[in-house]
Amino acid sequence: MIITRRSTLALPLAGLAAPALAQNRGDPNVLRVKLFGDLRALDPFISPEYMARNHGYMVYDTLFALDSKLRPQPQMVESHSVSADRLTWEFSLREGLRFHDGAPVTSEDVVASLRRWAIRDGHGAQMLADGNTLVALDARRFRLTLQRPWALVLDALAKPSGLPAFIMPARVAATPITTPITDPTGSGPYMLRREDWRLGDRTTYRRNPDYRPRVEAPDGLAGAKLARIERVEWVVLPDSSNALNALQTGELDIFEELPPDLFPVVARNRNLRLAAQDAAGVQPIFRMNQVVPPFDNPRLRQAMRLLVDPSEMMPAYMTDRERWRDCRSFFPCASPFHTNEGWVTPNLDLARTAVQQSGYDGTPVVVLDAQDSTISSTFARVSADRMRRAGMNVDLQAMDWATLVTRRLSKNPVNQGGWSLFCSAPAAVDLMDPVSHIALRSAGARTALPGWPDDPELERLRDAFAFAATEEERRAIAVQTQRRAVESVPYLPLGMMSLVRGHSARLAGILEAAIPVYWNITKAG
């Protein structure tokens, strides 16, 4: 059974959005974007939400950044060197970097930011593990000293997603990692207007007039960050029909994560364009809660390997066959470490038998259905249908994405407000190798994402990969990681696909980057 997306019709804008959008329709100094959700948290080191990450790229800068070929390039850093034994790394910041409050960016800010980041980030934890030191040498220079060579220093500092190593003022970075920051001061190309930040409505950013971009041409996330438009607004429009109507009338400039059933409507409009939203794509995932029944049972998780079938599930969302791949691996098809080693061929009849043999006792499987996220909702409903067909007791619970994000933090049993399963779509750049792979992280409540897989062997392999001496060793460890993940089932991939944006033909300069960013864009008047 294939469940297709609910169709949408162009309707008038609802609520307060219409007059606010229409008021500045066509203004070349304002860029309006519908993202997939609403910004509810400002701390990019605590929240794994991509909205917090996207906010981070507006207001913060990074020491290094990935270019269009996913190679680390200096960003805030002017120069760096590494000793012959690869244990001592020294970095110098560019001159003239300033925070939004006018204070200069110093090495003390860098050290404080990286230490806070490293508490939660897998790369950071390895980089600043016991015995390694990070110190400021003077206002612009800092030094990292390692106990043993670690090949991922620049990769860690340039990581584009998950928890990017954003640099914030030391006074802000001093906030305990258990306390979300509320001060959005950064040194990036835009500044958050707190007075215009309204939950459920919009988030507004103003161009930072003091930002000093690099001299190199923009290239992916690297090079010059040119804030060419004065104001960027992220508009909350949960209903796709309202958002489409706003895009068609010019009240909206970019519609991110355009649902596939709207592709033909946008393609037929000569004033609009379809384009890939990011350079690497996403991997939709089937994410189980492993700390409460029923998915605390490893045999039931293994039965799901037979149930989750990308060839049956992906077309329910992505109807354009050219935009998805049946990529049966925990590593994206574009990853140099991609392998289908040990993969189990799905078969619903065999899945039904495996569910029975697992000892599943009929415990309700609570599936979180975020109905304002077309991707999450579609795959949640398809997953629920297949589990029912395999003989499982499924409770599909409707909510919005913001509620899902809060609900998935609960470790309560399902009859006490807990959950069993949700579907989301991590960016491929978060999944490229065993260390960066946020969904494979299996250290339980310490660093794993909600679902909390706890597998010391996967963690051992992740550490081994980071310290492997050669590319051949890394490839071999990636294969071992794949085999172990097939056995322990931290989650299940649903395939790979490209997200698509619809945007006004009046826009130019949209960058092809690993994640969506909103600098370098111009808008014809």
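Me: What should I know before I start?

Reply: Residues are numbered from 1 along each chain as its sequence is written, and side-chain values use heavy atoms, with hydrogens and water left out. The model is predicted: local features need pLDDT of at least 70, side-chain atom pairs count only at pLDDT 80 or more, and totals for chains, interfaces and linings use all residues.

Me: Is arginine 53 buried or exposed, and which side chain of opposite charge is nearest?

Reply: Buried means under 20% relative accessible area, exposed over 50%, and partly exposed in between (1.4 Å probe, protein chains only). A salt bridge needs a side-chain nitrogen of Lys or Arg within 4 Å of a carboxyl oxygen of Asp or Glu. Arginine 53 is buried and has no salt bridge, and aspartate 430, the nearest side chain of opposite charge, is 4.8 Å away. Here Lys and Arg count as positive, Asp and Glu as negative, while His and the chain ends are not counted.

Me: Which residues have a positive phi without being glycine?

Reply: Most residues other than glycine have a negative phi, and most peptide bonds are trans. Leucine 70 has a positive phi, near 60°, and is partly exposed at 36% relative accessible area. Arginine 86 also has a positive phi, about 60°, and is partly exposed with 42% relative accessibility.

Me: Which residues does a cis peptide bond join?

Reply: Proline 293 and proline 294 are joined by one, with omega about 5°.
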